[in-house]
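Here are my notes for a first look at this one. Keep the viewer open and follow along point by point.

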Amino acid sequence: MQLFVKVRTPIEVERRLILPRESLPALPRFEGSHEHVKDDADNLRKFRCKKRYGGGDKLVIETDWIQFVNSKKLRPGDVVAFYKDDDRVSGTLYRIEVKRRNYKLGL
């Protein structure tokens, strides 16, 4: 099940991923702890969420986010999709996928 799709902004490439408010109820309760998330190359990422205060509470992923951005060579405008898969054997699994923006066509 797809939880959200988001176009990367410059701050999300340089520092942290800001999670959309409407997706929060479906996300794991991993604030302050690590949640394992598989990327589209089957690498296991240890993302950690934390709440940012000021200007409205925001839940963000900071820990391991920059390593993910660098390994995928993400740029502003690239799209990241976050999924939740329920499996009877392995339990709940979260996945993150990258969809590159076509810079030549501006798409």
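1. Let's settle one term before anything else: a contact means heavy atoms within 4.5 Å. With that in hand, 50% of the contacts in the protein chain with a separation of 6 or more come from residues 24 or more positions apart.

2. Do remember that this is a predicted model, where local features need pLDDT of at least 70 and side-chain atom pairs count only at pLDDT 80 or more, while totals for chains, interfaces and linings use all residues. Residues are numbered from 1 along each chain as its sequence is written, and side-chain values use heavy atoms, with hydrogens and water left out.

3. How confident is the predictor? On pLDDT (its confidence in each residue, from 0 to 100), the protein chain averages 80, and 83% of the residues score at least 70. Helix 2 (residues 65–72) has the highest confidence, at 91, and strand 5 (residues 58–63) the lowest, at a mean of 79.

4. On to the layout. The protein chain has two helices and seven strands, and along the sequence they run β-α-β-β-β-β-α-β-β. Both kinds of element are DSSP runs numbered from the N terminus: helices are H or I with at least four residues, strands E with at least two.

5. How much of the chain is buried? Of the 107 residues, 36% are; the label means under 20% relative accessible area, against over 50% for exposed and in between for partly exposed (1.4 Å probe, protein chains only).

6. Now look inside. In soluble globular proteins, nonpolar side chains tend to be buried together.

7. W65 deserves a click. Setting aside neighbours within four places in sequence, W65 is in contact with R8, E12, R15, R16, L17, F47, L74, V80 and I96.

8. Is D78 buried or exposed? D78 counts as buried because its relative accessible area is 0%. You'll find D78 in the loop between helix 2 and strand 6, with its side chain reaching the backbone nitrogen of R75 at 2.9 Å.

9. Last stop: Y94, in strand 7 (residues 91–99). Y94 is buried because its relative accessibility is 7%. Y94 and M1 are 93 residues apart in sequence, yet 9.6 Å apart in space, C-alpha to C-alpha.

Note on methods
pLDDT is the predictor's confidence in each residue, from 0 to 100. A polar contact is a pair of N or O atoms within 3.5 Å; within protein, one must be able to donate a hydrogen and the other to accept it, and residues adjacent in sequence count only if both atoms are side-chain atoms.
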